[in-house]
Amino acid sequence: MGQGVPLRIVLAKPHGFCAGVVRAIEIVERALQKYGAPVYVRHEIVHNKHVVDSLKAKGARFVETLSEIPENAVTIFSAHGVARSVEEEAAGRGLPVLNATCPLVTKVHNQGKRYLAQGRTLILIGHAGHPEVEGTMGQISGPVALVQTEEDVESLDIATDAPVAYITQTTLSVDDTRGIIKALERRFTDIVGPEMRDICYATQNRQTAVRELSKQVDVILVVGAKNSSNSNRLREIGSETGIPSYLIADGSELQSEWVLGARTVGLTAGASAPEVLVEGVIEALARLGPVEVSTLAGPDETIEFRLPAELATV
């Protein structure tokens, strides 16, 4: 930051909430309005502490297992989706369930089931341990081979002429999965997968915006949670372009030395980070000196996902 010269802050477009996250949060808020507190949410509704804390303050209770939920309590499944065993346990206990699974995640589950019904061996491209991956693997009634890297493809114990199909974790973009898909296509002679347009639009759009941002800025700040797959990837992409890039939860984590000497700072946010946190980072930068804020040209996201019928009129 130069003496007296305003620091330019360029906002990526799009950034922040995607339609699946907006829907999931709205399901919790409307459930609280309709049924009263508490409502129980299995796993973090989305990967963001600010969002979780604000919903806790309104009366949502977050649990990791259904055994923590009292009889007859309103139960919400997170945006990441759950295994079929979790659905069956909830049904067995007669828990009233609202499913906040992102419709794009549900679409992946359904694709996987279709491929399995065609007699294909299923391969899932994703991150081990991520709740979406655990939910997807638990939705498929047959074995699922998880691959995280191109090297994993080589070590798969599947015959090269076996009929196979792949599906992908939604928080990975076309760019993230391209190399692995090519490795799968080189290895297997009978392979099918979803069309590129079935990949999560929000993940791809945010990554493309960071690549554009990197051409114009000296530093990139990504607002998002440490356990958010898509936020971590945005920071990695910034670093891969050669621009110093930092993942921060909110303005309180900003370190002044990151922007020392910078004339232009790029600012984006993961798909589960609310706009108030982005504004907080701008305020933190403004405390260091004068700033000018502009927004990168980018696509308008107009997609909206329908709410469950029982909440549509709340």
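Modeller: On a 1 Å grid over the protein atoms alone, a cavity is a set of points where a 1.4 Å probe fits but cannot get out, while a pocket is an open set with protein on both sides within 12 Å along at least five of seven lines; lining residues have an atom within 4 Å of a point. Grid points are joined across faces, edges and corners, and a volume is the space filled by probe spheres set on the points. Keep in mind that this is a predicted model: local features need pLDDT of at least 70, side-chain atom pairs count only at pLDDT 80 or more, and totals for chains, interfaces and linings use all residues. Residues are numbered from 1 along each chain as its sequence is written, and side-chain values use heavy atoms, with hydrogens and water left out.

Colleague: How much space lies in the largest pocket, then?

Modeller: About 310 Å³. Its lining has 18 residues, and Cys18, Ala19, Val22, Ile303 and Glu304 lie nearest the centre of the pocket. Helix H1 (19-35) and H8 are the elements that give two or more residues to this lining. H1 gives the most, with four residues. Helices (H or I, at least four residues) and strands (E, at least two) are DSSP runs, numbered from the N terminus.

Colleague: How does the lining of the largest pocket divide by class?

Modeller: You need the classes first: Ala, Val, Leu, Ile, Met, Phe, Trp, Tyr, Cys and Pro count as nonpolar, Asp, Glu, Lys and Arg as charged, and the others, Gly among them, as polar. The lining of the largest pocket has ten nonpolar, one polar and seven charged residues.

Colleague: And which residues lie nearest the centre of the second largest pocket?

Modeller: They are His127, Gln148, Leu172, Asp176 and Arg233, out of 13 lining residues. The second largest pocket holds about 210 Å³ of space. H9 gives the most to its lining, with four residues. By class, this lining splits into four nonpolar, six polar and three charged residues.

Colleague: What about the closed spaces? How many cavities of 30 Å³ or more are there?

Modeller: The idea is simple: rolling a probe the size of a water molecule over the atoms shows where empty space is left. Here the count comes to two cavities of 30 Å³ or more. The largest cavity has about 280 Å³ of space. Among the 24 residues that line this cavity, Cys18, Val21, Thr170, Thr171 and Asn230 are the closest to its centre. H8 supplies the largest share of the lining, three residues. The classes here are twelve nonpolar, eleven polar and one charged.

Colleague: H8 keeps coming up. How far does H8 reach from its first C-alpha to its last?

Modeller: The expected span of a helix is 1.5 Å times one less than its number of residues. H8 (residues 201-214) has 14 residues and reaches 20 Å, close to the 20 Å expected.

Colleague: Which residues of H8 are buried?

Modeller: Buried means under 20% relative accessible area, exposed over 50%, and partly exposed in between (1.4 Å probe, protein chains only). In H8, the buried ones are Ala202, Thr203, Gln204, Arg206, Gln207, Ala209, Val210, Leu213 and Ser214. To see what they pack against, look at contacts, which means heavy atoms within 4.5 Å. The partners include strand S1 (7-11), helix H7 (174-187) and helix H9 (229-240).

Colleague: Now a loop, please. Is Asp218 buried, partly exposed or exposed?

Modeller: Asp218 is partly exposed, because its relative accessibility is 31%. Asp218 is found in the loop between H8 and S10. Leaving aside neighbours within four places in sequence, Asp218 is in contact with Ile243, Pro244, Ala262, Arg263 and Thr264.
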